[in-house]
Amino acid sequence: MFLVDEEAIKSQNYKDAGVDIDAAADLVEAIRPHVRSTKRPGANVDIGGFGGLFDMAATGYRDPILVAATDGVGTKLKVALSAGWHDGVGIDLVAMCVNDLVVQGAEPLFFLDYFATGKLAPKRAEAVIAGIASGCRDAGCALIGGETAEMPGMYANDEYDLAGFAVGAVERDAALDGQEIQAGDVVLGLASTGLHSNGFSLVRKIVDDQDLDYNAPAPFNSDQLGRTLLTPTKIYVRSCLAAHKAGLIKGLAHITGGGLLENIPRILPAGLGVHLDASTWYLPPVFRWLGEAGILDVPEMAHTFNCGIGMAVITAPEQADAALEILSKAGESVYRIGSVQSLVDPNTPPVIIDGAAAAWRG
């Protein structure tokens with residue numbers, strides 16, 4: 001038999017354990033207008049249910065194939081925490097997913113997010129989710145649901161993590177698989193807005209080694225270092241879909257983790273490679289600084305970063321001008337960066353970049 005001193009007992013609740021359900025409920029109300037702003041055919045985007053609904057019949061597709069992608073923002077979130085600026089990482093989250101959809105010719109339809117933190121900071125969380133909604137509007141997809149998880153003990157109080165999941169659709173006969181690519185095709189490059197969301201573990205190491213402050217001016221421009229590094233990932237959906245619907249694209253490669261060297265070969269048929277000329281496109285100053293400050297050679301740069309090209313577009317030579325025009329009119333900075341070539345020697349690297357040592361060091 002146990003004797004209990006009732007006066008010594010303190011009533012426990014979930015908030016005592018570090019989880020504030022009321023704060024989470026307030027956040028839901030705060031983000032409701034942001035979510036509603038992403039409404040599109042097929043989704044009414046009202047939140048609070050157990051699952052998000054999407055009506056494919058409302059999209060007008062005849063014989064669609066669904067395409068799904070999931071991704072995160074990675075250690076770029078560490079820079080956001082250090083700089084105290086969280087508005088853009090939600091855009092990054094959407095961009096990393098929807099750019100992976102459009103390379104297969106798919107139109108993004110809907111998006112869901114997962115936000116996990118040690119202790120919910122409602123204003124910060126709202127800023128992040130407002131960014132997600134902004135990215136969804138840019139990509140033309142609906143934010144139909146998500147999860148906000150407060151997990152003390154799993155994350156430090158000031159830390160959070162993000163993951164996203166996107167679903168798109170493409171008509172069966174319009175899916176891009178790169179199989180029509182052949183030697184002689186032209187490679188166009190769509191300019192990146194900066195680092196996008198890859199290589200940040202190396203970036204953070206270089207910043208630490210240089211003993212730099214994220215809130216101080218960047219060593220390569222007059223802007224705040226953290227804000228510059230946090231420039232959101234470019235969303236290429238509308239421009240690439242416009243060129244694809246015009247029948248001008250044979251293949252697309254989203255330049256993410258693995259850089260130029262790994263991502264372009266993912267869309268090439270066997271026996272083909274690409275020859276790129278680094279002098280043909282603009283290299284944002286952040287990359288030149290990283291190369292010099294980190295003493296990075298060309299292969300390391302091209303394997304880790306996008307080096308100024310966020311999307312590679314492969315088109316037939318006779319259609320290159322038309323593709324360039326459509327992409328430019330859609331707001332892209334477009335460069336002719338190279339061509340597709342046959343790999344006579346199977347030991348030849350699938351991506352050769354000429355002139356990078358001079359162009360990237362300057």
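## Strands E2 and E3

Phe 110 has Ala 142, in strand E3, as its bridge partner. Strand E2 covers residues 107-117 and pairs with E3 in the parallel sense, over eight bridges. Two strands count as paired if DSSP finds at least two bridges between them. Strands (E, at least two residues) and helices (H or I, at least four) are DSSP runs, numbered from the N terminus.

This is a predicted model: local features need pLDDT of at least 70, side-chain atom pairs count only at pLDDT 80 or more, and totals for chains, interfaces and linings use all residues. Residues are numbered from 1 along each chain as its sequence is written, and side-chain values use heavy atoms, with hydrogens and water left out.

## The four-stranded sheet

E2 and E3 belong to an open sheet of four strands. The order is E1-E4-E2-E3, and the pairing is mixed. Strands E1 (64-72) and E3 (142-150) are the edge strands, and each pairs on one side only.

## Strand E7 and its partners

Strand E7 spans residues 272-277 and runs antiparallel to strand E9 (residues 334-342), joined by five bridges. Within E9, Gln 341 stands opposite Gly 273.

E7 also runs parallel to strand E10 (residues 351-354), with four bridges between them. Here His 275 has Ile 352 of E10 as its bridge partner.

## Helix H7

Helix H7 is made of residues 237-245. Its buried residues include Val 237, Cys 240, Leu 241 and His 244. Buried means under 20% relative accessible area, exposed over 50%, and partly exposed in between (1.4 Å probe, protein chains only). Gly 247 follows H7 and has a positive phi, near 75 degrees.
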